[in-house]
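Colleague: I'd like to learn how to read side-chain contacts and backbone angles from a set of coordinates. Could you take me through an example?
Modeller: Gladly, let's look at one together.

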Amino acid sequence: MAHSKVIGQLSLTTALATLIAVLSSPAAQALVIDFEDNAIEPNNNEDVLSSITSQDFLFEPTLPGETQYALANNVFEAHNDSTYFVIRNLVDNDTLEPFINPVTMSQVNGTPFSLLSLDLAEWGVPQDQAKMVELTGFLAGGGSITTMISFDGVTDGSGPLEDFQTVTFNQQWSNLSSVEFKGIDAPVSDDPSEEPGFQVNSFAIDNIEVEEAFEEPHTEVSEPASILGIFALGAVGFGSRLTKKITQR
């Protein structure tokens, strides 16, 4: 009889401890990297000749060497009335060897993160614009995940249409140590007088939404004490029934 009561009490204790842990766990804090800490005046752009940081995230070349990036605000046909980051991935037309490296994003402190969403837009003159972005996420535990994003072709500048398109990501894009952005498939002309000996593959990126890795989903609850009390009463009832059932055996 006494043994049965101990089992019931342990089950009740475990249930209450689990419930309290779930309700008191902090919500995962999403962060939007909007580059406003590197603000540029409207209708201007400024070349970036080295790595930059925004919201404690580092954006740097994949390999050491010259960079070809910029911060911009409502330049060319990419308008969203805010500062955004421009990436150019120059490659040789004939060999497709890179002149300028892709950019990699990671937390300054090296903490893994999850990628939730971001905004992309075509940028530059039409012959320089990337047609797709190759996005690679490097997992903190090893391995990687890659996706190809096609541009929607909407570039009306100050017109009524949205120049930036929003891309969202599923749970596979979690626990990342870094993300690499690479523009590809810019137009290539057979006429040397019309096209330089390289593709520019330029595009703009903004509003990168991320959150810390290893956080459990959390739903805000009104009056948590009342709900905790309801669950506690349910757990007590469950524990009592469990004790009675085992005792009757």
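Colleague: How many salt bridges are there?
Modeller: Bear in mind that this is a predicted model. The general idea is to look for a side-chain nitrogen of Lys or Arg within 4 Å of a carboxyl oxygen of Asp or Glu. By that rule there are 2 salt bridges here.

Colleague: Which residue forms a salt bridge with R88?
Modeller: The partner is D47, and the closest N and O atoms are 3.8 Å apart. This pair links distant parts of the chain, with R88 in strand β6 and D47 in strand β2, 41 residues apart.

Colleague: Is R88 buried or exposed?
Modeller: R88 counts as buried, because its relative accessibility is 10% and the cut-off for buried is under 20%. D47, with a relative accessible area of 48%, is partly exposed.

Colleague: And which residue pairs with K182 in a salt bridge?
Modeller: That is E134, where the closest N and O atoms are 3.6 Å apart. Again the pair links distant parts of the chain: K182 belongs to strand β13 (residues 176-184) and E134 to strand β10 (residues 132-139), 48 residues apart. K182 counts as partly exposed, at 25% relative accessibility.

Colleague: How should I read aromatic pairs?
Modeller: A pair of aromatic rings is described by the distance of the centres and the angle of the planes. The count here comes to 9 aromatic pairs. One of them is F57 with F113, an edge-to-face pair at 5.1 Å centre to centre and 85 degrees between the planes. F57 sits in strand β4 (residues 57-61) and F113 in strand β9 (residues 113-122), 56 residues apart. F57 is buried at 1% relative accessible area, and F113 is buried at 0%.

Colleague: Why is the pair of Y69 and F85 tilted?
Modeller: The planes of Y69 and F85 are at 55 degrees, with the ring centres 5.8 Å apart, so the pair is tilted. Y69 is in strand β5 and F85 in strand β6, 16 residues apart. Both Y69 and F85 are buried. Together with F35 and F59, Y69 and F85 form one aromatic cluster.

Colleague: What about backbone angles?
Modeller: Most residues other than glycine have a negative phi. N43 has a positive phi, near 65 degrees, and lies in the loop between β1 (30-33) and β2 (44-48). N74 also has a positive phi, near 55 degrees, in the loop between β5 (69-73) and β6 (84-88).

Colleague: Is N74 buried or exposed?
Modeller: N74 counts as buried, at 9% relative accessibility, whereas N43 is exposed, at 57% relative accessible area.

Methods: Residues are numbered from 1 along each chain as its sequence is written. This is a predicted model: local features need pLDDT of at least 70, side-chain atom pairs count only at pLDDT 80 or more; totals for chains, interfaces and linings use all residues. Side-chain values use heavy atoms; hydrogens and water are left out. Helices (H or I, at least four residues) and strands (E, at least two) are DSSP runs, numbered from the N terminus. Buried means under 20% relative accessible area, exposed over 50%, partly exposed in between (1.4 Å probe, protein chains only). Rings of Phe, Tyr and Trp (its six-membered ring) pair if their centres lie within 6.5 Å; planes under 30 degrees apart count as stacked, over 60 as edge-to-face and the rest as tilted.
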